[in-house]
Amino acid sequence: MSLKYSNIKVWGRSFAEYVKMFELTANDLRKKIIVCADGPSSFNAAMWKKGKKIISIDPIYSLKKDELSQRIIESADDIIIQINSNKDSFTWDSIKSINELMQKRLSAMNIFLDDYESGLSEKRYLAQSLPKLNFNNKTFDLALCSHFLFLYSSLLSFDFHVQSIKELLRISDEIRIFPIIDFNGKVSSHLDNIIHELIKTGYKPEIWTVDYEFQKGANTMLFIKKGNYKKFKKEDLIIERANKNDSKEILKIQKLAFLDEINLHNGLLIQPFKQTKKEIEQEFEEKVFFKACLDKIIIGSVRVKIEGDTCWVNKLVVHPQFQNHGIAKQLMENVEKFFSPEISKIKLATAKKSDKNVSFYKKIGFTPFRTGYLPYENVEMIFFEKTL
Ligand SMILES: C[S@@+](CC[C@H](N)C(=O)[O-])C[C@H]1O[C@@H](n2cnc3c(N)ncnc32)[C@H](O)[C@@H]1O
């Protein structure tokens, strides 16, 4: 089965969920915040109770309270049916059952409903719609948007996404969008092109792994700020061993770097994209990590595991902005130098569909020796080796 939503649901989440989805710190909560497509979530009401005015926009704020209440009931009916037929698409660790889910969500939406009419008169809830918003440039420090962009990629076009993101960047310094997979658990088909477009136009998109996951695989948030990395100069690149404290930054690069491979596999949520902070920290226990840095900022990485005289290379990644500058090659040469003469072979696996990777490894002296699958992934791989 798969989830089939023919329209965008009127549905909402709690303050606690927003804090986790967007990794909001106490400092973030002090910023001037706008929440787009906020629907009947209780974040705005909870912030108001804490003495902080934030703005929420959603076209449904043109409705009366009882009309909104009715739309929530209609959404609940459909969501129960969809989740019931797709239970395996969700994690049931913190929320244990559909009953508990409904209870939690409806109680958040009741907080919203109780706050709605006063929020309308205080102009905290404004009936506006992406992709065009009625605010001056840079009105806000932080714009949040959850369960709308990317999630509904099948209903909202690439152009709608680009225009909406540009609009959010016009009115706010920083934007955060959660999740970046669609409701069928595929990485949004719009994401890779949007990342490249943002980099080209002087923005710094990052993919953050957050401690929130209800829909399986929906544990990543797109973070965008104005700015760019330093221009690449070969002599400024430093390759050195990484430690656990680097895991967050390496995870960010890894997720950006694997987007083209995800596209080759129709949005398949592959392990490098799903990997959590805890999982990468565990990998540090058994692997040696290296990082490629520019001005102390990590722009590439590789991790290896030594088994006897063989070095297994894993997740050779370079930030999309710095690909084709020879950084991957330098990372591989560094591995070779670091472990020789103790090792006599380097082995690795790369997706068979990735012509770019296959030709790269051949070019740097690797030979294919078999095809097959990794234990955790349904992607056909080519296994390469190089004898030192
Ligand atoms: C699934 S709800 C998400 C609500 C909330 N952000 C959350 O995470 O729980 C999607 C919301 O998007 C709103 N929406 C639909 N079209 C929109 C548009 N063009 N601009 C802004 N919001 C829109 C819907 O009214 C709905 O409230």
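Predicted model: local features only at pLDDT ≥ 70, side-chain atom pairs only at ≥ 80, totals over all residues.
Residues are numbered from 1 along each chain as its sequence is written.

Next comes Asp38, which is found in the loop between strand 1 and helix 3 (43-49). Helices (H or I, at least four residues) and strands (E, at least two) are DSSP runs, numbered from the N terminus. Asp38 counts as buried because 29 other C-beta atoms lie within 10 Å; the cut-off for buried is 20 or more other C-beta atoms within 10 Å of the residue's own, with 12 or fewer for exposed, partly exposed in between, and C-beta atoms placed from the backbone. Leaving aside neighbours within four places in sequence, Asp38 touches Phe43, Asn44, Ser56, Ile57 and Asp58, contact being C-beta atoms, placed from the backbone, within 7 Å. Asp78 sits 40 residues from Asp38 in sequence and 19 Å from it in space, C-alpha to C-alpha.

As for the sheet, seven strands line up in the order 3-2-1-4-5-7-6, giving an open sheet with mixed pairing. Strand 3 (125-126) and strand 6 are the edge strands, each with a single partner, so one side of each has no neighbour in the sheet. Strand 1 (residues 33-36) runs parallel to strand 4 (residues 140-146), the two being joined over four bridges; DSSP has to find at least two bridges for strands to pair. Cys36 stands opposite Cys145 in strand 4.

On the domain level, the protein splits into domain 1 (15-226) and domain 2 (234-387), with bounds from an automatic or database domain assignment. Their C-alpha centres lie 33 Å apart. The contact draws on 17 residues from domain 1 and 18 residues from domain 2. On the side of domain 1 that touches domain 2, helix 7 (191-200) and strand 6 (203-209) each supply at least two residues, and helix 7 gives the most, with five. That side of domain 1 has seven nonpolar, seven polar and three charged residues.

Technical notes:
Contact = placed C-beta atoms within 7 Å. Nonpolar A, V, L, I, M, F, W, Y, C, P; charged D, E, K, R; others polar.
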